[in-house]
Amino acid sequence: MTRLILASQSPARTKLLTEAGIAHDIVVSDVDEDAVQARYGVTDAHDTALLLARAKAEAVAALTEAEGALVIGCDSVFEFDGESHGKPYTADVAKERMLRMSGSKGILHTGHWLVDCRETAAEVDDDEPAEGTGATLGAVSSAEVHFAEMSEQEINAYIATGEPLHCAGSFTIDGLGGAFIRKVDGDPHAVVGLSISTLRDLLVHANVSVTELWASDAQENTL
């Protein structure tokens, strides 16, 4: 069975893969996101999301744990009023952002980067089949998020839960923050942090069908 590694510690991303029936392991990268951005000077939200996803995927792909596997790295960046917003980390930053976002809209960009760490034909004996393609490529899935009007009391209560402090854009759609999102134009999975359809598209370049990654129990449930 083809092995997939998720280069992320995000519970939301692993939950998405699990609910989609996709078996995977988790190996967290030690990428310093601020250092990566400082090195490349990327300011565009779309490009930043892809850059960070690539950095995470390639960091994990370089580890011995990734040998013989496919590695998917992801990162989300929120674009609002022409600015790029990552995780706020502090209550003050989250509140300032959410007061501005109330009743407005922004675009959540989620970058995906896939690295095929399986052996290629050049790396194995001539008489042995090679599954690896050497593929390393990425894509960004974006969705426009429309927010409801939020009172200061609601914002304070939401921030007090701690949920928005470690989420790109200071919100989630699959948690408490879902109460403040009126609608999403685009792939809702991208807002959660990993687009299953985008992953499927990337897998094609590694000559892998998403069905090959379905966990055995998921396949049994379809019979």
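Me: A nonpolar core is a set of buried Ala, Val, Leu, Ile, Met, Phe, Trp, Tyr and Cys residues joined through side-chain atoms within 4.5 Å. Which residues touch the most other members in the largest one?

Reply: I22, I72, L194, L199 and L203, out of 22 residues in that core. Buried means under 20% relative accessible area, exposed means over 50%, and partly exposed is in between (1.4 Å probe, protein chains only).

Me: What should I know about the model itself?

Reply: The model is predicted, so to speak of local features takes pLDDT of at least 70, side-chain atom pairs count only at pLDDT 80 or more, and totals for chains, interfaces and linings use all residues. Numbering runs from 1 along each chain as its sequence is written, and side-chain values use heavy atoms, with hydrogens and water left out.

Me: What does I72 touch?

Reply: L4, I5, L6, A7, H112, W113, L114, L199 and L202. That leaves out residues up to four places away in sequence. Contact here means heavy atoms within 4.5 Å.

Me: New topic. How many cavities of 30 Å³ or more are there?

Reply: One. On a 1 Å grid over the protein atoms alone, a cavity is a set of points where a 1.4 Å probe fits but cannot get out. A pocket is an open set with protein on both sides within 12 Å along at least five of seven lines. Lining residues have an atom within 4 Å of a point. Grid points are joined across faces, edges and corners, and a volume is the space filled by probe spheres set on the points.

Me: Which residues line the largest cavity?

Reply: M98, M101, F147, M150, F171, G177, F180 and I181. Seven are nonpolar, one is polar and none is charged. Ala, Val, Leu, Ile, Met, Phe, Trp, Tyr, Cys and Pro count as nonpolar; Asp, Glu, Lys and Arg as charged; the others, Gly among them, as polar.

Me: Which residues of α4 are buried?

Reply: A94, R97, M98 and M101, in a helix of residues 91-101. They sit on the same side of α4 because they cover an arc of only 95° around the axis. The arc is that of the directions from the helix axis to the C-beta atoms. Their cover includes β3, β4 (83-85), β6 (136-147) and α5 (152-160).

Me: What about the pockets? How big is the largest?

Reply: About 660 Å³. Its lining has 28 residues, with S8, S10, R13, K87 and H166 nearest the centre. α1, β3 and α6 (188-192) give two or more residues each. The largest share, four residues, is from α1. Twelve lining residues are nonpolar, eight polar and eight charged.

Me: And the second largest pocket?

Reply: About 260 Å³ of space. It is lined by 15 residues, with E33, D34, Q37, G86 and K87 nearest its centre. α2 (33-40), α3 (45-61), β3 and β4 each supply at least two. The lining has four nonpolar, seven polar and four charged residues.

Me: Last one: V191. Where is it?

Reply: In helix α6. V191 is buried, at 9% relative accessible area. V191 touches L108, A143, V145, F171, I173 and V184, not counting residues up to four places away in sequence. V191 and T110 are 81 residues apart in sequence and 7.3 Å apart in space, C-alpha to C-alpha.
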